[in-house]
Amino acid sequence: AEFACNTTRETMREYTVATWGEWKEDDARRRVAENIAGGEARIIELDGLPIGIQTVTRGPECIQLLQLFIRPRHQNRGIGSKLIRQLLDQARAEGLPLRLRVLRVNPAFGLYRRLGFKVVQEAPERFFMEHSG
């Protein structure tokens with residue numbers, strides 16, 4: 001859990017501050033704990049070293065990517081794309097859409113668009129996206 005909290009802070013603090021004007025450590029820790037408790041959480045490793053976290057929930061209507069946070073020094077190497085493509089393969093095999101949400105200020109939005117996700121709903125601070133396979 002501590003690694004997940006540290007990774008969340010390292011990857012999301014800038015975007016959270018840009019969106020809401022501040023970073024609330026207690027709120028971030030609570031959300032991480034809720035996501036871990038409510039989904040399938042795993043630590044992403046590269047050469048045996050932890051480099052990120054991924055949390056996914058599966059339900060009868062969709063697969064939901066809750067978190068995909070890769071530490072900055074490991075970003076832009078295709079790791080996130082590979083993990084998302086694996087989820088897309090699973091979603092297609094199960095006949096389900098893959099859904100996620102992303103803060104408007106997060107550059108990951110461009111990655112999701114390149115991978116074929118479409119915006120299905122908008123809020124002032126984020127986009128809700130879906131890939132139907």
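Ser-81 is buried in this predicted model. Its relative accessible area is 14%, which is under the 20% limit for a buried residue. The residue belongs to helix H3. Beyond its neighbours up to four places away in sequence, Ser-81 touches Leu-111 and Leu-115.

The protein chain contains four helices and six strands. Their order along the sequence is α-α-β-β-β-α-β-α-β-β. The C-alpha trace spans about 40 × 35 × 30 Å along its principal axes. The radius of gyration of the chain is 14 Å. A compact globule of 133 residues would have a value near 14 Å, so the two agree. Of the 133 residues, 43% are buried. Contacts were also examined by sequence separation. Among those with a separation of 6 or more, 52% join residues 24 or more positions apart. The chain exposes about 7,700 Å². Carbon and sulfur atoms supply 47% of that area.

The largest pocket has a volume of about 1,000 Å³. Its lining comprises 40 residues. Nearest the pocket centre lie Met-12, Tyr-15, Leu-68, Phe-69 and Asn-106. Several secondary structure elements contribute to the lining. Helices H1 (2–20), H2 (25–38), H3 (79–94) and H4 (108–114) each supply at least two residues. By class, the lining holds 19 nonpolar residues, twelve polar residues and nine charged residues.

Strand S4 includes Arg-99. This arginine is partly exposed, with a relative accessible area of 27%. That value places Arg-99 in the intermediate class, because the class runs between the 20% limit for buried and the 50% limit for exposed residues. With residues up to four places away in sequence left out, Arg-99 touches Glu-61, Cys-62, Ile-63, Gln-64, Leu-65, Met-129 and Glu-130. Its C-alpha atom is separated from that of Val-120 by 9.4 Å. Arg-99 and Val-120 are 21 residues apart along the chain.

Cys-62, one of the residues touched by Arg-99, lies in the loop between S2 and S3. Cys-62 is buried, at 12% relative accessible area. Cys-62 and Val-32 are 30 residues apart in sequence. Their C-alpha atoms are 21 Å apart in space.

Arg-113 is found in helix H4. Arg-113 is partly exposed, with a relative accessible area of 46%. Leaving aside neighbours within four places in sequence, Arg-113 is in contact with Val-119 and Met-129. Met-129 is also among the residues touched by Arg-99. The C-alpha atoms of Arg-113 and Glu-25 are separated by 30 Å. Along the chain, Arg-113 and Glu-25 are 88 residues apart.

Backbone torsions were considered next. Most residues other than glycine have a negative phi. Asp-47 has a positive phi, near 55°. This residue sits in the loop between strand S1 (40–46) and strand S2 (49–58). Asp-47 is exposed, with a relative accessible area of 75%. Asn-76 likewise has a positive phi, of about 60°, although it is not a glycine. Its place is in the loop between S3 and H3. Asn-76 counts as exposed, at 81% relative accessibility. The values for Asp-47 and Asn-76 lie over the 50% cut-off for exposed residues.

Terms used
Residues numbered from 1 in each chain as written. Predicted model: local features only at pLDDT ≥ 70, side-chain atom pairs only at ≥ 80, totals over all residues. Heavy atoms only, no water. 1 Å grid on protein atoms, 1.4 Å probe; cavity = no way out; pocket = protein on both sides within 12 Å on 5 of 7 lines; lining within 4 Å. Points joined across faces, edges and corners; volume = space filled by probe spheres on them. Nonpolar A, V, L, I, M, F, W, Y, C, P; charged D, E, K, R; others polar. Rg over C-alpha atoms; globule rule 2.2 N^0.38 Å. Buried < 20%, exposed > 50% of the residue type's maximum accessible area, 1.4 Å probe, protein only. Contact = heavy atoms within 4.5 Å. Areas by Shrake-Rupley, 256 points an atom, 1.4 Å probe, with all protein chains shown as cover.
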